[in-house]
Amino acid sequence: MSTPSPEIPFRPPPRTLSYYLVLLCVVLPVWFITPFSWSFVIYTLYNAEFSSHGWNAKLFFAVALCEVLFTVYHHNLVRSVSGLPQSGPNNFAELRTAFERVLKTGLADLSVDDESLDIERPGSPAEHLTQLQPDDPRAIEFRECMRAWFQRAPWSSIRKQDFYAYLYWVFYNSPLPATHLLPDHHRDVLDGAIRQIENRAGMAIPDGPNSGVSPILLTVDKLNVTSRPFVWYAMVFATNWILRRWLERAHAVRFGCHDGLEYCIRIPETWDPVHGCRPIVLFHGLGIGLMQYKMLIYDLLRNFSDRPIVIPIQPNISQDIFHSRFLNPMNRREMAARLSGLLRELGWVSSSKDRSLSSSNRMSQGIVMLSHSNGSFLHAWFLKAHPEMVARSCFVDPVTFCCWEGDMCYNFLYSRCSTGLDLLMRYFVGTELGIANTIQRHFDWSSNSLWFEEIPNPRDPQKTLVVLGGKDVILNAERIRRYLGSHGVRKGICFDPNGSHGQPFVAGGPAHSAIMSWLKLA
């Protein structure tokens with residue numbers, strides 16, 4: 001596969017007819033509810049006609065007034081999270097190690113076609129950073145990948161000051177201060193990182209005035225939120241409430257809370273942790289919560305009635321605007337600690353001291369973890385903290401792999417929408433307040449990045465499955481496939497060249513069948 005030239009200007013694809021149809025028939029009608037409500041309320045009050053209206057008009061006025069009041073509430077919420085992130089930078093030593101890990105990725109001469117499962121197969125962490133030549137394929141590929149963090153600008157147009165801004169965000173999670181305010185030790189860190197990037201890229205980064213290139217500084221850039229009406233959030237809440245009641249009555253699912261972590265769970269009456277099948281933990285992705293994954297949840301409950309299933313509730317990415325944690329998502333350590341505590345309380349896993357007591361006990365052999373899209377970040381967090389608790393992992397449309405390359409951030413939040421699907425995802429998901437706050441104010445790139453060597457049994461297809469779609473518009477599926485393949489992962493990758501983001505959970509498709517078949521091995 002040839003590597004694109006980092007000097008070819010990026011031209012966004014033209015907008016299709018579906019973009020304009022979705023804009024006119026879906027997005028604008030929903031967005032217009034708010035200004036229409038304001039106009040109706042102002043008109044009614046100005047003309048003092050409220051008392052003469054019938055009950056239906058008064059009901060309509062009440063609904064419009066709710067929309068007006070909600071607009072003020074929503075505006076205040078946006079203001080409360082629009083500033084710079086409250087959390088400081090991560091552990092600097094960890095960030096430094098992760099940054100060098102990024103630079104080493106792709107240096108090893110590993111063949112994607114080699115199916116060897118040799119445990120001594122070399123990996124990127126074993127490589128040494130050296131000065132590459134400009135025409136070295138590894139340098140060209142690195143320059144092409146780095147362009148994503150500069151909104152696909154040609155490499156030659158990126159100046160050293162642009163890299164300073166990007167690197168300061170990487171290490172300090174803050175905007176670059178003025179030169180005279182930059183501490184000397186921060187300057188030393190930036191200069192050292194610049195030299196490493198120049199060696200890896202095979203060429204010097206030019207000085208000179210800013211050329212208009214804007215690096216992606218995800219957590220310090222302006223918060224990108226578009227308003228939506230109260231009726232939208234009410235509809236999301238109502239559908240999820242109905243789904244919860246249905247799950248409780250039809251499938252014996254119950255909802256609980258452990259140390260602040262809410263979850264839904266189904267435990268078969270005949271299951272026991274000693275001889276029963278391993279429990280399944282599902283991390284869902286961005287959207288409207290459980291309702292968006294209704295068919296997957298139904299498939300799991302119906303096809304795996306012999307084992308427990310638990311789904312952590314994530315209100316911050318489920319558009320549950322009145323939830324107390326809507327704008328206060330759990331970080332990596334909170335989520336890992338509380339989920340591990342829940343699993344221990346349920347008796348599904350044991351501590352390392354207890355694991356030696358009974359090797360035949362399912363409790364000592366871990367759980368099955370299934371994640372989709374943004375849920376793969378939480379999957380990665382848990383693997384980093386408690387790899388011994390996870391016996392098998394299935395990553396579907398995983399954004400955690402190669403997220404250090406910038407494709408996911410650019411495609412999901414910064415790129416120009418060109419199709420109806422792009423616009424639907426951008427308006428109804430990407431720029432929703434809770435989701436935007438989670439991604440744009442709480443994104444921890446080093447914690448979210450999962451490396452090959454952090455996956456338990458990554459080359460065993462019965463223990464690790466990665467599902468990718470070749471037409472995924474959010475992540476770069478081919479890059480992820482090549483990254484894992486270069487480390488010897490082949491049989492554990494299910495790649496559908498025609499698959500799109502979320503399609504693996506559509507029943508009847510090859511990816512859906514592969515996931516269900518793999519889960520049955522537990």
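**A buried glycine and its setting**

Mentor: Glycine 492 is buried, with a relative accessible area of 4%, and since this is a predicted model, that value is computed from predicted coordinates. The residue is found in the loop between α15 (477-485) and β8 (493-496). Leaving aside residues up to four places away in sequence, glycine 492 touches Pro461, Thr464, Leu465 and Val466.

Glutamine 319 sits in the loop between β4 (309-312) and α9, and at 2% relative accessibility it counts as buried. Its phi is near 60°, a positive value in a residue other than glycine. Aspartate 259, in the loop between β1 (254-258) and β2 (261-266), also has a positive phi, of about 55°, although it is not a glycine; at 54% relative accessibility, however, aspartate 259 counts as exposed. As background, most residues other than glycine have a negative phi.

Burial can also be followed along a whole helix. In helix α10 (residues 375-385), 9 of the 11 residues are buried, so the helix is largely enclosed by the rest of the structure. The buried residues of α10 are Gly375, Ser376, Phe377, Leu378, His379, Ala380, Trp381, Phe382 and Leu383. What covers them includes the strands β3 (280-283), β5 (367-372) and β6 (390-396), together with the helices α9 (332-346), α11 (407-414) and α14 (445-448).

The aromatic side chains give another view of how the chain is put together, for the structure holds 33 aromatic pairs. In one of them, the rings of phenylalanine 92 and tyrosine 172 have their centres 6.0 Å apart and their planes at 15°, so the pair is stacked. This pair links distant parts of the chain, with phenylalanine 92 in helix α3 (residues 92-104) and tyrosine 172 in helix α5 (residues 160-172), 80 residues apart. Phenylalanine 92 is partly exposed, with a relative accessible area of 34%, whereas tyrosine 172 is buried at 11%. Another pair joins phenylalanine 395 and phenylalanine 401, whose ring centres lie 5.1 Å apart with the planes at 65°, so this pair is edge-to-face. Phenylalanine 395 is buried, with a relative accessible area of 0%, and phenylalanine 401 is buried as well, at 2%. Elsewhere, Trp149, Phe150, Trp155, Phe163, Tyr166 and Trp169 form one aromatic cluster.

These details belong to a protein chain with 16 helices and 8 strands. Its radius of gyration is 25 Å, close to the 24 Å that the globule rule gives for 522 residues, so the chain is as compact as a globular protein of that length. Taken along the principal axes, the C-alpha atoms fill a box of roughly 80 × 65 × 45 Å. Of the 522 residues, 53% count as buried, and among contacts between residues at least 6 apart in sequence, 78% join residues at least 24 apart. The accessible surface comes to about 23500 Å², of which 58% belongs to carbon and sulfur atoms. As for charge, the chain has 50 positive and 47 negative side chains, and the centres of the two sets lie 4 Å apart.

Definitions and conventions
Residues numbered from 1 in each chain as written. Predicted model: local features only at pLDDT ≥ 70, side-chain atom pairs only at ≥ 80, totals over all residues. Heavy atoms only, no water. Helix = DSSP H or I, 4+ residues; strand = E, 2+ residues; numbered from the N terminus. Rg over C-alpha atoms; globule rule 2.2 N^0.38 Å. Buried < 20%, exposed > 50% of the residue type's maximum accessible area, 1.4 Å probe, protein only. Contact = heavy atoms within 4.5 Å. Areas by Shrake-Rupley, 256 points an atom, 1.4 Å probe, with all protein chains shown as cover. Lys, Arg positive; Asp, Glu negative; His and termini not counted. Charge placed at Lys NZ, Arg CZ, Asp CG, Glu CD. Phe/Tyr/Trp six-rings, centres within 6.5 Å; stacked < 30°, edge-to-face > 60°.
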